[in-house]
Amino acid sequence: NHYVCGSIAAFTNIVVTFPIQKVLFRQQLHGVRAREAVRQLQRDGMRKLYRGLLPPLLQKTTTVAIMFGLYEDFSRVLLDQVPTGSGIPELVTRSFAAALAGTAEAVLTPFERVQTLLQDHRHHGRFQNTPHTFRTLLSEYGVKECYRGLVPVLIRNGPSNVLFFGLRGPIKEQLPEASSRAGHLVNDFVCGGMLGAALGIMFYPLNVVKSRAQSQVGGAFRPCGEVLMTVWRERGGSVSMLFRGAHLNYHRSLLSWGIINATYELLLSVLILKGS
């Protein structure tokens, strides 16, 4: 149930927010203003607006399914293993479950890798589509090249999952009590959106590092810190330049995680009602 609900929620979100993600990616990669990123996409044309949709669609529907599904499975297994009266708070056990689920999601890094290459206009001539990009990377460079940018993904996934699942309940409890399905839907949207937006800002520099690392094809695998320092120097040692695109990321995350959380909870409640 949790896997199916997570997958459908992610599908809904990706189709709605993909064009915004594309503008954001250009800002992360090139440090340009939103208007210039939009102009780049206009020059590329409508036919290429949804170019690169398949990798995030496959990746996000799977990772969100894993995120919610494995979190519930790991939580259940770990809570069963903790002896009664052991003194270990449930929050600690659930946080560990969330971190494990986030780490497991990193197996799907190759989808983020291919999405990055397909969205980068410098590679438009070389990579045609998702299958072609995978074939090229595997035949010319091997499996390791598909996992370029794995370290920032791992650093991001575990802690962000712990915070998302740890704070989701407490935030919803602070919102006005809902008395209808529509009310619950709004609360779940607000709760998921607020969390997603805050975490998006918190982990934004890691996503800049990931985008930069994954836009490279072949060559040495550079450490996370080295990539960050390169971007930092290129952008004149400016925090505002490092966070360029963060305001758009904030709004995209607000919308994305609002949609994901609200859709997930709605589907789950429907399935529970049908099951009972």
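Predicted model: local features only at pLDDT ≥ 70, side-chain atom pairs only at ≥ 80, totals over all residues.
Residues are numbered from 1 along each chain as its sequence is written, and side-chain values use heavy atoms, with hydrogens and water left out.

View 1. R244 sits in the loop between helix 12 (239-242) and helix 13 (246-275); helices are DSSP runs of H or I with at least four residues, numbered from the N terminus. With a relative accessible area of 19%, R244 is buried (buried means under 20% relative accessible area, exposed over 50%, and partly exposed in between, with a 1.4 Å probe and protein chains only). Apart from neighbours within four places in sequence, R244 is in contact with Q27, G31, V32, R33 and Y204, where contact means heavy atoms within 4.5 Å. Of these residues, R33 is 211 residues from R244 in sequence, and the two are 7.4 Å apart in space, C-alpha to C-alpha.

**View 2. E145 in helix 7.** E145 belongs to helix 7 (residues 143-146). Its relative accessibility is 4%, so E145 counts as buried. The side chains of E145 and R148 are joined by a polar contact of 2.8 Å. A polar contact is a pair of N or O atoms within 3.5 Å; within protein, one must be able to donate a hydrogen and the other to accept it, and residues adjacent in sequence count only if both atoms are side-chain atoms. Leaving out neighbours within four places in sequence, the residues in contact with E145 are R113, L137, Q216, V217, G218 and F221.

**View 3. Packing of helix 5 and helix 6.** Helix 5 (residues 109-119) packs with helix 6 (residues 130-140) at an angle of about 110°, and their axes are 10 Å apart. Axes are lines fitted to C-alpha atoms, for helices over the stretch in contact, and angles run from 0 to 180 degrees between N-to-C directions. Helix 5 and helix 6 are therefore roughly perpendicular to each other (65 to 115 degrees; under 35 counts as roughly parallel, over 145 as roughly antiparallel, and the rest as oblique). Helix 5 contributes P110, F111, R113, V114, L117 and L118 to the contact, and helix 6 contributes T130, T133, F134 and L137. The residues of this contact comprise seven nonpolar, two polar and one charged; Ala, Val, Leu, Ile, Met, Phe, Trp, Tyr, Cys and Pro count as nonpolar, Asp, Glu, Lys and Arg as charged, and the others, Gly among them, as polar. Helix 5 is mostly covered, with eleven of its eleven residues buried. The buried residues include T109, E112, Q115, T116 and Q119.

**View 4. L29 in helix 1.** L29 is part of helix 1 (residues 2-30) and is buried, at a relative accessible area of 4%. Not counting residues up to four places away in sequence, L29 touches D120, R122, S211, R212, S215 and R235. The C-alpha atoms of L29 and D188 are separated by 32 Å, and the two residues are 159 apart along the chain.

**View 5. V38 in helix 2.** V38 is located in helix 2 (residues 34-44). A relative accessible area of 35% makes V38 partly exposed. Between V38 and R26 there are 8.8 Å in space, C-alpha to C-alpha, and the two are twelve residues apart in sequence.

**View 6. L78 in helix 3.** Helix 3 (residues 54-81) contains L78. Beyond neighbours within four places in sequence, L78 is in contact with T93, F96, A97 and L100. L78 and A97, 19 residues apart in sequence, are 7.4 Å apart C-alpha to C-alpha.

**View 7. S160 in helix 8.** Helix 8 (residues 150-174) holds S160, which is buried at a relative accessible area of 14%. Excluding residues up to four places away in sequence, S160 touches L199 and F203.

**View 8. Cysteines.** A search of the whole structure finds zero disulfides, a disulfide being a pair of cysteine sulfur atoms within 2.5 Å. C191 is buried, with a relative accessible area of 1%. The closest cysteine sulfur to that of C191 is in C5, at 17 Å, too far for a bond. For C224 the closest cysteine sulfur is in C146, at 19 Å, also too far for a bond.

Methods:
Helix = DSSP H or I, 4+ residues; strand = E, 2+ residues; numbered from the N terminus.
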